[in-house]
Amino acid sequence: MQHDLNHDRIAVVDFGGQYAHLIATKVRRSKVLAEIRQPEDSTDIFRQYKGIILSGSPALSSFGEDSAYNKEIYDLDIPILGFCFGHQEIAKHYGGAVVNGKQEWGHADLHINHDHPLFAGLGKVEQVWMSHFDSVTAVGPDFEELGHTILGAGSPPHRFAAIGSDKLRRYGFQFHPEVDDTLHGNEMIANFVRNICGCLPTWTMDSYVTEQIARIRDQVGDRSVFLLASGGVDSTVAARLFSEALGPDRLNLLHVDNGLMRKDESAGVIEMFRDMGLDRNFHFIDATDTFLEALAGKIEPEDKRRAIGDTFITVFESEAKRLGIEDHLLGQGTIYPDTIETGGTKRADTIKTHHNRVPIIEEMIAAGKVVEPLADLYKVEVRELGEMLGIAHDMIWRHPFPGPGLGVRLLCSDGRIEDADALETIAPAVMGALAKYGLTGAPVPIKSVGVKADLRSYEHPVLIHGDADWDILAEASGTIFKTVDGINRTLWNLTDTMPGSFKPLAATMTRDRLDLLRECDHLMMEGLRNHGLYGEIWQCPTVLVPVEIDGTGQELCILRPIHSERAMTATAARLPHDLLEELRAAITALPGISGLAYDLTSKPPGTIEWE
Ligand code: XMP
């Protein structure tokens, strides 16, 4: 990340889990730039900030877990605020006590002991969100209790929900102000940033555009930028920004049809760039054959991702040469979480490699040959920027589409059953778990990626069959995850009868299979649009799974509409039954499809994509 010396900045120390990004987005809402930092970062790095926020963590402070972070931050004359784990660490460092087992979950009333700048403008009682095993039970000599919680009428107070030392400028909240269930969490965070740290609210989209334009001009000099324009929000907003900075003549855009796009997508992208007036140096290549060659015979998800990422670069380089574009920089629409997630943090297992952070790109970045004007922004901020730059609303609010496209939605297999023994134990356990709901079910003999306790899992889905409403299906899924090991997804069968047998099919990345998936995906997308539901759904992968049902030699199609905010967590969307009925009729009529199912899984334990 480029160091921004124009603005006051807050460091958000990422102790793992989901918290740090939420905190950073909320700080940014108060027009102050927040950056994610690692707990081991050097004191010199932390010294550059006007305030530090310590995030929550899955680790237990009471047992001294995750305690090897840079404690010299406490010697800096910079305000520090901790949430949950961070709060407990601050209490402990200054002579307080933390015990295990005093827990609170869910909503609680925070009773504020007396007026304090952290709670300026708020009531005496505030709804907050609690999620902790450990609690602070005593504070050190310079500290006071600023607030306590009461979980329900008549319950004894839970002490030290908010603590602080105005002398040391150290504060802690046991609750999570970054979660929306803490009703005035935004205000509390803004109070810290503005009233305690004294940050000025200068980090606005207007200032971002002005500064990025200057930076692009500075980095590019008299060279030009060559950008892969996928048609997604990030690269489109980046294209618009480059064109503002360099003028249309020094921006070359290349749209590659990699054969992994949605139906008719490339034609739509070309039209969109024409409408935006960015078609002067717009180039298009249909590289389907090159990509299919690189993918031939590949089955493993990470192998496929690598092949797609590398082929993009090869195609890009050879097109640049063919078009005579020399001395260019590679433009990328990389956004902030992409730079953090791929091995950027020691605590988060690298769940998937981001295609814009593959080794070949890392080398180009090191050589100063990559320019990424959105690398400081979260997706919501990219959208805000896009609207400011006048990009059409429908484009800005398109569903996110992964870089490797349908490549990660077309599952492949060598036809062998993995873990046949485990499946024999799982099958009766699934039936047992479903019996009380009047449902039946069976494990599907392929695996997909999921995420459990922030780690990658690679496990079987279970197909559930029977009539039930969404609440019962959600409850039955929960029961399966709780009681049956080796499962990370639940699916609801959308066909009339429960399949009698499943068998993996040997299947690779072929043009025919991609066309079939494209057709299923197209029907799903049209269904959402026709029912006016496209805008309500955050993303909707359609997945083709090479599992034959009842010896038909045909495949299983999965629909996965989800709600999400930042893709870190997700829940299955509940679509109306008439739409499901239309999709069932249309998709199962396609030659090559014998089964259709609806993914009911939240993230965690499933991921949004299947691989
Ligand atoms: P998961 O499957 O990890 O997805 O829950 C979270 C978000 O990331 C997208 N995704 C990718 N995007 N390259 C991308 O550019 C990838 O390899 C990739 N894998 C997942 C996914 O579509 C979702 O929005």
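Predicted model: local features only at pLDDT ≥ 70, side-chain atom pairs only at ≥ 80, totals over all residues.
Visitor: Let's pick some. Which residue meets Lys-379 in a salt bridge, and in which helix does that partner lie?
Guide: The N to O distance for this pair is 3.2 Å, and the partner of Lys-379 is Asp-234. Lys-379 sits in helix α12 (residues 379-388), so the bridge ties together parts that are 145 residues apart in sequence. The partner's helix is α6, which makes the answer Asp-234 in α6.

Visitor: Are Lys-379 and Asp-234 buried or partly exposed?
Guide: Buried means under 20% relative accessible area. Lys-379 has 22%, so Lys-379 counts as partly exposed. Asp-234 has 15%, so Asp-234 is buried.

Visitor: Staying with α6, how do the axes of α5 and α6 cross, roughly parallel or roughly perpendicular?
Guide: The axes of α5 (residues 205-220) and α6 (residues 233-246) come within 9 Å and cross at roughly 70°. Angles of 65 to 115 degrees count as roughly perpendicular. That makes the arrangement of α5 and α6 roughly perpendicular.

Visitor: Which residues of α6 meet α5, and is the crossing left-handed or right-handed?
Guide: From α5, the residues involved are Val-209, Gln-212, Ile-213, Ile-216, Arg-217 and Val-220. Facing them in α6 are Leu-241, Phe-242, Glu-244, Ala-245 and Leu-246. As for the hand of the α5 and α6 crossing, it's right-handed.

Visitor: How many residues apart are Asp-303 and Arg-306, and in which helix do they lie?
Guide: These two form a salt bridge, with their closest N and O atoms 3.6 Å apart. Asp-303 is partly exposed at 31%, and Arg-306 is partly exposed at 44%. They're about one turn of the helix from each other, that is, three residues apart in α9 (residues 301-323).

Visitor: And Asp-599: which residue is 110 residues apart from it in the pair, and in which strand?
Guide: Asp-599 lies in strand β27 (residues 593-599), and the pair links distant parts of the chain. The closest N and O atoms of this salt bridge are 2.9 Å apart, and the partner is Arg-489. That residue belongs to strand β19 (residues 487-493), so put down Arg-489 in β19.

Visitor: Are Asp-599 and Arg-489 buried or exposed, and which other residue is linked in their network of salt bridges?
Guide: Asp-599 has 0% relative accessibility and counts as buried. Arg-489 is buried as well, with a relative accessible area of 0%.

Visitor: Asp-257 has no salt bridge. How far away is the nearest side chain of opposite charge, and whose is it?
Guide: Asp-257 lies in strand β11 (residues 251-257) and is buried. Beyond its neighbours within four places in sequence, Asp-257 is in contact with Ser-266, Phe-284, Ile-285, Asp-286, Ala-287 and Thr-288. A salt bridge needs the atoms within 4 Å. The nearest side chain of opposite charge is 5.8 Å away and belongs to Arg-518.

Visitor: Last one: how far apart in space are Ala-422 and Asp-485?
Guide: Ala-422 is in helix α14 (residues 420-435) and is partly exposed at 30%. In sequence, Ala-422 and Asp-485 are 63 residues apart. In space, C-alpha to C-alpha, the distance is 9.3 Å.

Conventions: Residues numbered from 1 in each chain as written. Heavy atoms only, no water. Helix = DSSP H or I, 4+ residues; strand = E, 2+ residues; numbered from the N terminus. Buried < 20%, exposed > 50% of the residue type's maximum accessible area, 1.4 Å probe, protein only. Lys, Arg positive; Asp, Glu negative; His and termini not counted. Contact = heavy atoms within 4.5 Å. Axes fitted to C-alpha atoms, helices over the stretch in contact; angles between N-to-C directions. Parallel < 35°, antiparallel > 145°, perpendicular 65-115°, else oblique. Left-handed = near helix turned anticlockwise from the far one by under 90°.
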